[in-house]
Amino acid sequence: MKLNLSSRTIAILISMLVAGVLTALAVYAPQMEFREAFLTAGITVAACFLLVYLSFEALIFREINTIYSGLEMIKRKELRKLSNKFLFRPEPLKRLRDEILQMAARKQQEIDELKRLQVLRREFLADVSHELKTPIFAAQGFVHTILDDDEIDEVTQRKFLSKAASSLDALNDLVQDLVTISQLEKGVVQMRRQRFNVVQLVLDIFEQLELTAAQRSVTLELLPPTLADAELLVLADRNRIRQVLINLIDNGIKYGQERGHVSVHLSETAKTVRIAVHNDGEGIAKQHHHRVFERFYRIEKSRSRNSGGTGLGLAISKHIVEGHKSVLRLHSEPGQGTTFEFKLPKPKLRRPVKQPEQVD
């Protein structure tokens, strides 16, 4: 049979036991009278009760109350206030309290992360469905118009079919980008590192995007200009870095100023080459900096959709750069333009092979 005794009851029993022993000794002591012995027993009971009860309060209940207050802080997500309390202590109750609080803090962080991922998942599904729906509906509209109206002339039919083909091409680009970013996030894509001249790569991209830049009268510049005839070798996946630079330069053309400039600045250190792509557009406010690399995130949705693109370029670029053990950084302020930069390693110098000496 279990006895559920409170701390106060235990304290009373212990104090009475101790008082009984002391009283018995006092009664049988020849020098003490009964009235003195009774008074001694009362004082002993009170003293023992206070001693035991305060011991319980100090050793157990205060620590338990502290545990509850710590859990309340975790519920209110005031985790910083707990950081100075997670120190190792030899007392079992205090160690137990720290373990409970640490476990609760970890669980709360996991719950917060799951909630954040759930929100991102909902946003991603909504964005994907919208992005897929737009080209599909456009292509359907043009094709069904041709099928439903037999009186459309051949010129109009070709015009509608051309627009339907453009919508399907946009849909194909979106699907390809989704496949690419999925593979990059899973680590399926392996970076095929090779030595190549990054200066020549930039010049090739300038030539490829020349017509796009001409439509907005944007000037493409390589800085410093003396590098145009130079060789600057890096060790990286050429095709993937080409994809990153095309995304960054194309974004600079689309979102920079009309009749503005997009520049690619190359600089080297002993072991790395820094690549910075700058445009003189409106700039990006700081509250958007941590989200510009998210999939489908657009600062100005209407303006971005009119500019084309799948909304995955920066997310893909970020994963490719991270696959090269580097970081894609953003520097931007409203009215100051935007700069994206990252670093690539330089290839190690090859040691010359010694030729065997010829013996006469």
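The protein has nine helices and seven strands, and the model is a predicted one. Buried residues make up 32% of its 360 residues.

Me: Which strands form the open sheet, and in what order do they lie?

Reply: Happy to start there. Five strands form the open sheet, in the order β2-β4-β5-β7-β6, and the pairing is mixed. From one strand to the next, the twist averages 20°.

Me: What makes β2 and β6 edge strands?

Reply: Each of them pairs on one side only, and that holds for β2 (219-223) as well as β6 (329-332).

Me: How do you know that β2 and β4 are paired?

Reply: Two strands pair if there are at least two bridges between them. Five bridges join β2 to β4 (residues 261-268), so the pair qualifies, and the two strands run parallel. Within this pairing, E221 has S263 as its bridge partner in β4, and T219 stands opposite H261.

Me: Which helices pack on the sheet, and which strands do they touch?

Reply: Helix α5 (residues 198-208) touches β2, β4 and β5 (272-279), and its direction makes about 175° with that of β2. Helix α7 (residues 238-255) touches β2, β4, β5 and β7 (338-345), with a direction at about 165° to that of β7.

Me: Why is L209 called buried?

Reply: The cut-off for buried is under 20% relative accessible area. L209 has 6%, so it is buried. This residue lies in the loop between α5 and α6 (210-215).

Me: Which residues does L209 contact, leaving aside neighbours within four places in sequence?

Reply: L209 is in contact with L220, I246, I249, D250 and I253. For I253, the C-alpha separation from L209 is 9.0 Å, and the two residues are 44 residues apart along the chain.

Me: Which residues have the most contacts inside the largest nonpolar core?

Reply: They are L245, I249, L266, I275 and F342, in a core of 50 residues. Helix α7 gives the most to this core, with seven residues. In soluble globular proteins, nonpolar side chains tend to be buried together.

Me: What does F342 touch, not counting residues up to four places away in sequence?

Reply: Its partners include I241, V244, L245 and L248, and also V273, R274 and I275. V321, S326, V327 and L328 are on the list of F342 as well.

Me: Why is the pair of F142 and F160 called tilted?

Reply: Rings pair if their centres lie within 6.5 Å, and planes under 30 degrees apart count as stacked, over 60 as edge-to-face and the rest as tilted. Here the centres are 5.5 Å apart, so the rings pair, and the 45° between the planes makes the pair tilted. The count comes to one aromatic pair.

Me: Which helices does the pair link?

Reply: F142 is in helix α3 (residues 92-148) and F160 is in helix α4 (residues 154-186), 18 residues apart.

Me: Why does F142 count as partly exposed, and why does F160 count as buried?

Reply: The line is drawn at 20%: buried is under 20%, exposed is over 50%, and partly exposed is in between. F142 has 21% relative accessibility, so it counts as partly exposed. F160 has 18%, so it counts as buried.

Me: What makes S317 a buried residue?

Reply: Its relative accessible area is 0%, which is under 20%, so S317 is buried. S317 sits in helix α9 (residues 313-323).

Me: How do you know that S317 and N247 make a polar contact?

Reply: The distance cut-off is 3.5 Å between N or O atoms. The side chains of S317 and N247 make their polar contact at 3.2 Å, within that cut-off. Not counting residues up to four places away in sequence, S317 touches V244, N247 and L328.

Me: Why does A47 count as partly exposed?

Reply: At 43% relative accessibility, A47 falls between 20% and 50%, so it counts as partly exposed. A47 belongs to helix α2 (residues 34-75).

Technical notes. Residues numbered from 1 in each chain as written. Predicted model: local features only at pLDDT ≥ 70, side-chain atom pairs only at ≥ 80, totals over all residues. Heavy atoms only, no water. Helix = DSSP H or I, 4+ residues; strand = E, 2+ residues; numbered from the N terminus. Axes fitted to C-alpha atoms, helices over the stretch in contact; angles between N-to-C directions. Contact = heavy atoms within 4.5 Å. Core = buried A, V, L, I, M, F, W, Y, C linked by side-chain atoms within 4.5 Å. Buried < 20%, exposed > 50% of the residue type's maximum accessible area, 1.4 Å probe, protein only. Phe/Tyr/Trp six-rings, centres within 6.5 Å; stacked < 30°, edge-to-face > 60°. Polar contact = N/O pair within 3.5 Å; in protein donor to acceptor, adjacent residues only side chain to side chain.
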